[in-house]
Amino acid sequence: SASSPFWQGEDTGLACYRLTVFDNFPRTGLPPVFASWTEYEQARESLIAAGVLDDGTKIWWDLRPSHHFPTLESRICDVSPRIEDALALAAVTQAICRMLWRLRRRNQRWRQYDRWLIDENRWRAQRYGASGSLIDFGKGTLIPMADLVEELVELVAEDARHLRSVEEVGHLKRIAAEGGSADRQRRVHAAAVEAGATADEAIDAVTRHLIDEFGSGL
């Protein structure tokens, strides 16, 4: 979903600069591990009682329980200018949740890794986006995003069929193959510079590109 490579008209070197800005706030980033819903509620109520926050909506983790509905909110993604990309991300998030639910029903679970290891992959996704690679901790090596997406689509295939989202989940392969929004923005910027555009004009070209992509989905 990385879609914020530029900040104040400059290329940040990151595919997702939004997380850098957001991580300066409290109660952001990866959520802690809670053994139960009760444990989460006790932690939340402790902060409310201390006057630190009004309610659960002031908790901004990458993944959090909804304050209003019996759901989980995935908050880590950048905004996707293409509607088909947004649908793919929503669909795979649902499919992953159902896959984990299936394991739970069978008295199984996904292997849990230390938070700082997960944070390393979070950083790599933030830095390189869809064109990068992540660490496969089981294999102990870096794996290209395209290969990981292939594995993920296969992993949640049963769940995507149940949720009738096979096409949407499968679209992730196209994102991995062609690059995400951050990659497209940089290509537009580079083409504008090569054509003789000034720094401001090149950023304007990126802005127009994003407007066109948003508009094409309306």
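## Second largest pocket

Helix 9 (residues 199-216) supplies the largest share of the lining of the second largest pocket, namely five residues. In this predicted model, the pocket has a volume of about 170 Å³. Its lining consists of Ser3, Ser4, Phe6, Asp78, Val79, Gln185, Ile203, Val206, Thr207, Leu210 and Phe214. By class, these residues divide into six nonpolar, four polar and one charged.

The structure holds 17 salt bridges. In one of them, Glu213 pairs with Arg184 at an N to O distance of 2.8 Å. The pair links distant parts of the chain, with Glu213 in helix 9 and Arg184 in helix 8 (residues 181-194), 29 residues apart. Glu213 counts as buried at 8% relative accessibility, and Arg184 counts as buried at 6%. Both residues belong to a network of salt bridges that also includes Arg82 and Asp85.

Asp23 forms a salt bridge with Arg122, and their closest N and O atoms are 3.0 Å apart. Because Asp23 lies in the loop between helix 1 (18-22) and strand 3 (28-29) and Arg122 in helix 4 (residues 115-128), this pair ties together parts that are 99 residues apart in sequence. Asp23 is partly exposed, with a relative accessible area of 31%, whereas Arg122 is buried at 9% relative accessibility.

A salt bridge also joins Arg102 and Glu158, with 3.5 Å between the closest N and O atoms. Arg102 lies in helix 3 (residues 83-105) and Glu158 in helix 6 (residues 157-163), so the pair connects parts that are 56 residues apart in sequence. Arg102 is buried, with a relative accessible area of 11%, while Glu158 is partly exposed at 35%.

Definitions and conventions: Residues numbered from 1 in each chain as written. Predicted model: local features only at pLDDT ≥ 70, side-chain atom pairs only at ≥ 80, totals over all residues. Heavy atoms only, no water. 1 Å grid on protein atoms, 1.4 Å probe; cavity = no way out; pocket = protein on both sides within 12 Å on 5 of 7 lines; lining within 4 Å. Points joined across faces, edges and corners; volume = space filled by probe spheres on them. Helix = DSSP H or I, 4+ residues; strand = E, 2+ residues; numbered from the N terminus. Nonpolar A, V, L, I, M, F, W, Y, C, P; charged D, E, K, R; others polar. Salt bridge = Lys/Arg side-chain N within 4 Å of Asp/Glu carboxyl O. Buried < 20%, exposed > 50% of the residue type's maximum accessible area, 1.4 Å probe, protein only.
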